[in-house]
Amino acid sequence: MRRFEYKTVKIEPKGFWGTKLDPEKIDEILNDLGNQGWELVAMQDLEVNGHSWSFHYTFKREKI
């Protein structure tokens, strides 16, 4: 029977109004987790009144 473990990473926009995202930093985080064997399975944009306040990236990998 295959077993999986899961990890959720929260990335928040920066700046005064929380509107700045650094795509290079996000790529760095995602690539690092991919190199560790984690596979991205979902991304959720947590927004309020049309403004994104946080992004949750959920990963899984097979347990050894």
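Student: Where is Met-43 found, and what makes that a strand?

Tutor: Met-43 is found in strand β2. Strands are DSSP runs of E with at least two residues, helices are runs of H or I with at least four, and both are numbered from the N terminus. This is a predicted model, in which local features need pLDDT of at least 70 and side-chain atom pairs count only at pLDDT 80 or more, while totals for chains, interfaces and linings use all residues. Residues are numbered from 1 along each chain as its sequence is written, and side-chain values use heavy atoms, with hydrogens and water left out.

Student: Why is Met-43 called partly exposed?

Tutor: Buried means under 20% relative accessible area, exposed means over 50%, and partly exposed lies in between, with a 1.4 Å probe and protein chains only. Met-43 has 44%, so Met-43 counts as partly exposed.

Student: And why is Tyr-6 called exposed?

Tutor: Tyr-6 has a relative accessibility of 54%, and therefore counts as exposed. Tyr-6 is found in strand β1.

Student: Which residues does Met-43 touch, and what makes that a contact?

Tutor: Contact means heavy atoms within 4.5 Å. Not counting residues up to four places away in sequence, Met-43 touches Phe-55, His-56 and Tyr-57. Under the same exclusion, Tyr-6 is in contact with Trp-38, Phe-59 and Lys-60. Thr-8, also in strand β1, touches His-56, Tyr-57 and Thr-58, again leaving out residues up to four places away in sequence. The C-alpha atoms of Thr-8 and His-56 are separated by 6.4 Å, though the two are 48 residues apart along the chain.

Student: How do you know that β2 and β3 pair?

Tutor: Two strands pair if DSSP finds at least two bridges between them. Strand β2 (residues 39-48) and β3 have nine bridges, in the antiparallel sense. Within β3, Ser-52 stands opposite Glu-47, and Tyr-57 stands opposite Met-43. The hairpin of β2 and β3 has two residues between the strands, and Asn-49 takes a positive phi near 55 degrees there.

Student: What about β1 and β3: over how many bridges do they pair?

Tutor: β1 and β3 pair over eight bridges, also in the antiparallel sense. Phe-4 stands opposite Glu-62 in β3.

Student: What makes the largest nonpolar core a core, and which residues are in it?

Tutor: A nonpolar core is a set of buried Ala, Val, Leu, Ile, Met, Phe, Trp, Tyr and Cys residues joined through side-chain atoms within 4.5 Å. The eight residues here are Val-9, Ile-11, Ile-26, Leu-33, Trp-38, Phe-55, Tyr-57 and Phe-59. Two or more of them come from each of β1 (4-11), α1 and β3 (51-62), and β3 gives the most, with three residues.

Student: Which residues line the largest pocket, and why is it called a pocket rather than a cavity?

Tutor: On a 1 Å grid over the protein atoms alone, a cavity is a set of points where a 1.4 Å probe fits but cannot get out, whereas a pocket is an open set with protein on both sides within 12 Å along at least five of seven lines; lining residues have an atom within 4 Å of a point. The lining residues are Ile-11, Glu-12, Pro-13, Lys-14, Lys-20, Leu-21, Asp-22, Lys-25, Ile-26 and Ile-29. Helix α1 (residues 23-35) gives the largest share of that lining, three residues.
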